[in-house]
Amino acid sequence: MPVPWEALIPFGLLTAMFGVAGTLLNVSQRAQNQGKPPRYSIDNWDTMMMNRDKQLTGHIRGQSTNPTAPPEFSKSSVWWASPVS
C-alpha cells in the first residue's frame, strides 16, 4: 500500500504548531512566576505563605533571606482596623 506523502505536510504543520503553542505557554507561565514552575494543589498554608511573600517582597513567588521584616510590613496587615469611637 502506498504512503500518502501529501498528508505528511499538514501533519508536520499541526505537530509544529502544537509544539510552538505548548512551548510559548510554558515560557509565559514561567515568566509570570519569576522562572519557577507553576504551583499545583495550593492549600490554605500555601495561600497564607504566598500572601506573606507578597507583603515582604511585592510578588507571590518572591522570597527574602532577610530575617527581619521591613518597616512597611507592619502597616500592610490583612486585618482591618476599625476606628475607636
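Helices here are DSSP runs of H or I with at least four residues, strands are DSSP runs of E with at least two, and both are numbered from the N terminus. By that rule, the protein chain has two helices and zero strands. This is a predicted model, in which local features need pLDDT of at least 70, side-chain atom pairs count only at pLDDT 80 or more, and totals for chains, interfaces and linings use all residues. Residues are numbered from 1 along each chain as its sequence is written, and side-chain values use heavy atoms, with hydrogens and water left out.

Start with the whole chain. Its accessible surface comes to about 7700 Å². Carbon and sulfur atoms hold 66% of that surface. Such areas come from the Shrake-Rupley method with a 1.4 Å probe, and for residues only the protein chains shown count as cover. A residue is called buried under 20% relative accessible area, exposed over 50%, and partly exposed in between (1.4 Å probe, protein chains only). Of the 85 residues in the protein chain, 6% are buried. Among contacts with a separation of 6 or more, 23% join residues 24 or more positions apart.

V3 sits in the segment before helix 1, which covers 8-32. Together with W5, L8 and F11, V3 forms a nonpolar patch on the surface. The four share about 480 Å² of accessible area. Patches are built from residues with over 30% relative accessible area and no salt bridge; nonpolar side chains (Val, Leu, Ile, Met, Phe, Trp, Tyr) are joined within 5 Å, like charges within 9 Å.

Helix 1 comes next. It has 25 residues and reaches 36 Å from its first C-alpha to its last. That is close to the 36 Å expected at 1.5 Å a residue. The expected span is 1.5 Å times one less than the number of residues. A UniProt annotation, from an unreviewed entry, marks residues 7-27 as "transmembrane region". UniProt positions follow the numbering used here, feature names are shortened, and annotations may be inferred rather than shown by experiment. In the model, residues 7-27 are 95% helix and 0% strand. The end C-alpha atoms of this stretch lie 31 Å apart.

Further along helix 1 is R30. R30 counts as partly exposed because its relative accessibility is 34%. Leaving aside residues up to four places away in sequence, R30 touches G35, K36 and P37.

Then comes the loop between helix 1 and helix 2 (44-57), where N33 is found. Is N33 buried or exposed? N33 has 15% relative accessibility, so it counts as buried. Beyond residues up to four places away in sequence, N33 touches P38 and R61. Q34 is also in this loop. Just after helix 1, Q34 takes a positive phi of about 55°, although Q34 is not a glycine. Q34 is partly exposed, because its relative accessibility is 44%. S41 lies in the loop between helix 1 and helix 2 too. Phi of S41 is positive, near 55°, and S41 is a residue other than glycine. S41 is exposed, because its relative accessible area is 72%.

Helix 2 follows. Its 14 residues should span 20 Å at 1.5 Å a residue, and its end C-alpha atoms are 20 Å apart, so the two agree. How many salt bridges does the structure hold? It holds one. A salt bridge is a side-chain nitrogen of Lys or Arg within 4 Å of a carboxyl oxygen of Asp or Glu. The partners are R52 and D53, with their closest N and O atoms 3.0 Å apart. Side chains of opposite charge can pair when their charged atoms come close. R52 is partly exposed, because its relative accessibility is 36%. D53 counts as buried, because its relative accessibility is 7%.

L56 also lies in helix 2. At 26% relative accessible area, L56 is partly exposed. L56 and T68 are 12 residues apart in sequence, and their C-alpha atoms are 9.9 Å apart in space.

Helix 2 is followed by G58, whose phi is positive, near 95°. S64 lies in the segment after helix 2. S64 is partly exposed, with a relative accessible area of 43%. From S64 to D53 the gap is 11 residues in sequence and 7.9 Å in space, C-alpha to C-alpha.

Terms used
Contact means heavy atoms within 4.5 Å.
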